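Subject: Structure handover

Hi,

Here is the structure I promised to pass on. Please open it first, then read my notes below.

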Amino acid sequence: IKLLDMILDIGMEISNCDGGTLYVRSGDSLQFKVMKTISMGVDKGKNGEVIELPPVPIKEENICAYTLIHKKVLNIKDVYTSKEFDFSGPLRYDSVTGYRTRSMLTIPLLNQEEEAVGVLQLINAMDEDGNIIAFDASLEHIILSLASQATIAVSNIRYLEEIKDQMWSFTEAMAEAID
């Protein structure tokens, strides 16, 4: 998880943005794994703690789910004026916290088999003066390369969990056989 946190930090630094979230696919939803918003002092998930936000259903109207389904980078200039996606989640978050989500860049995390295992979402790119701007399209390929590192980390985490499960099953079977 610390590696996912570091990847999100680097993505935010490269794109000079205020916030970001790294989601991991779990069944038919996207789970929040790491979440940061510098201006709000939000830094969740970096030590593996569970982020207490509802998972995002994998439905095309959700921008991060759309990115996952279509394996496509999306660069939204202003979520308040865009009519393409359901931004009710970010808008609800904004109304509760007083934050103002404007620009958003979502990037699919694709494994070696080209399966989407998660999404990297960056929020509110900023210029040198701290004004919110659209994400520079020239950064998309750089962030996509960074996302491939996150994909490797997510895949490794899953493989380790599978190995633990197999070891636990083996231990149970051996204990049963000995009994």
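A residue counts as buried when its relative accessible area is under 20%. Lys36 has a relative accessible area of 6%, so Lys36 is buried. Keep in mind that this is a predicted model.

**Salt bridges**

The whole structure holds 5 salt bridges. In one of them, the side chains of Lys36 and Asp5 meet at 2.6 Å, N to O. Lys36 lies in strand S2 and Asp5 in helix H1, so this pair ties together parts that are 31 residues apart in sequence. Asp5 is buried too, at 10%.

Lys46 and Asp43 form another salt bridge, at 3.4 Å, N to O. Here Lys46 is partly exposed, at 31%. Asp43 is partly exposed as well, at 33%.

Then look at Asp78 and Arg102. Their closest N and O atoms are 3.9 Å apart in a salt bridge. Asp78 sits in the loop between S5 and H3, and Arg102 in the loop between H3 and strand S6. Asp78 is buried, at 17%. Arg102 is partly exposed, at 28%.

Shared partners join Asp5, Asp9, Lys36, Asp43 and Lys46 into one salt-bridge network.

**Aromatic rings**

There are 3 aromatic pairs in the whole structure. Tyr66 and Phe85 pair edge-to-face, 5.1 Å centre to centre. Tyr66 is in helix H2, and Phe85 is in a loop, 19 residues apart. Phe85 also pairs edge-to-face with Phe87, at 6.2 Å. Phe87 is buried, at 3%. Ring pairs link Tyr66, Phe85 and Phe87 into a cluster.

One last item: the charged end of Arg100 sits over the ring of Tyr80, 3.6 Å from its centre.

Best wishes

Key: Residues are numbered from 1 along each chain as its sequence is written. This is a predicted model: local features need pLDDT of at least 70, side-chain atom pairs count only at pLDDT 80 or more; totals for chains, interfaces and linings use all residues. Side-chain values use heavy atoms; hydrogens and water are left out. Rings of Phe, Tyr and Trp (its six-membered ring) pair if their centres lie within 6.5 Å; planes under 30 degrees apart count as stacked, over 60 as edge-to-face and the rest as tilted. Helices (H or I, at least four residues) and strands (E, at least two) are DSSP runs, numbered from the N terminus. Buried means under 20% relative accessible area, exposed over 50%, partly exposed in between (1.4 Å probe, protein chains only). A charge sits over a ring if NZ of Lys or CZ of Arg is within 6 Å of the ring centre and within 35 degrees of the ring normal. A salt bridge is a side-chain nitrogen of Lys or Arg within 4 Å of a carboxyl oxygen of Asp or Glu.
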